[in-house]
Amino acid sequence: IAFLYFTSHGSKEHELSVNFWPLKLNQITPISLKKMFDDAGIKWRVIVVSACYSGGYIEPLKDEHTLIMTASDANNTSFGCGSESDFTYFGKAMFDEELRKTYSFTQAFEQAKLSILKREKTDNFEPSNPQIFAGDKIASKLKELEFRLAQTPLPQTAGEHLHEK
């Protein structure tokens, strides 16, 4: 299973910014990303896009072998990007908080979505409305992976080790 996590600025045209002066790079669109996966023969895909308007990536990328999670819907911004941030709101909730508690991407996503909404309300931001799509075949494959991983305890964070004796 290929896992790809993008964090960048997104546009209303559903392009991810990949500006890296002095290089002249093409912005990443959902169509170009799908073509890259298809051309590489990568069938099983977990794609996470943490960017404004990232929900625009779901329709062009969705198929039975793909799980797609986005930080916002196709018409809204997401929050927390910038040079002062270690994580976006989505990245923090999904990867630094919820995936520490479960091996399930979908379960972590649903909890992260609630956490993000609470944080956005506290900050008086318009809800970003994170999105998820899981094709039937990838959902089955990920369930198998979750079962295998569940045989081993979740790793502890560094802070948890300090309180054990």
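Predicted model: local features only at pLDDT ≥ 70, side-chain atom pairs only at ≥ 80, totals over all residues.
Student: Why is Met94 called buried?

Tutor: Buried means under 20% relative accessible area. Met94 has 0%, so Met94 is buried. Met94 is found in helix H3, residues 89–97.

Student: What does Met94 touch, leaving out residues up to four places away in sequence?

Tutor: Met69, Leu99, Phe105, Ala108, Phe109 and Ala112. Contact here means heavy atoms within 4.5 Å.

Student: Why is Leu25 called partly exposed?

Tutor: Exposed needs over 50%, and buried needs under 20%. Leu25 has a relative accessible area of 41%. That value falls in between, so Leu25 is partly exposed. Leu25 lies in the loop between E1 and H1.

Student: How do you know that the buried residues of H1 are on the same side?

Tutor: The buried residues of H1 are Pro30, Leu33 and Phe37. They cover an arc of only 65° around the axis, so they sit on the same side of H1. On the other side, Ile31 and Asp39 are exposed.

Student: What covers the buried residues of H1?

Tutor: The cover includes strand E1 (2–7), strand E2 (45–50) and helix H2 (58–61).

Student: How many aromatic pairs does the structure hold?

Tutor: Seven. One of them joins Phe3 and Phe95, with ring centres 6.2 Å apart and planes at 85°.

Student: Why is the pair of Phe3 and Phe95 called edge-to-face?

Tutor: Centres must lie within 6.5 Å, and planes over 60 degrees apart count as edge-to-face. The centres are 6.2 Å apart and the planes are at 85°, so both conditions hold and the pair is edge-to-face. Phe3 lies in strand E1 and Phe95 in helix H3, so the pair ties together parts 92 residues apart in sequence.

Student: What makes the pair of Tyr5 and Phe95 tilted?

Tutor: Under 30 degrees is stacked, and over 60 is edge-to-face. The planes of Tyr5 and Phe95 have 50° between them, and the centres are 4.7 Å apart.

Student: Why is Phe95 not called buried?

Tutor: Buried needs under 20%. Phe95 has 22%, so Phe95 counts as partly exposed. Ring pairs link Phe95 with Phe3, Tyr5 and Phe105 into a cluster.

Notes. Residues numbered from 1 in each chain as written. Heavy atoms only, no water. Buried < 20%, exposed > 50% of the residue type's maximum accessible area, 1.4 Å probe, protein only. Helix = DSSP H or I, 4+ residues; strand = E, 2+ residues; numbered from the N terminus. Arc of directions from axis to C-beta. Phe/Tyr/Trp six-rings, centres within 6.5 Å; stacked < 30°, edge-to-face > 60°.
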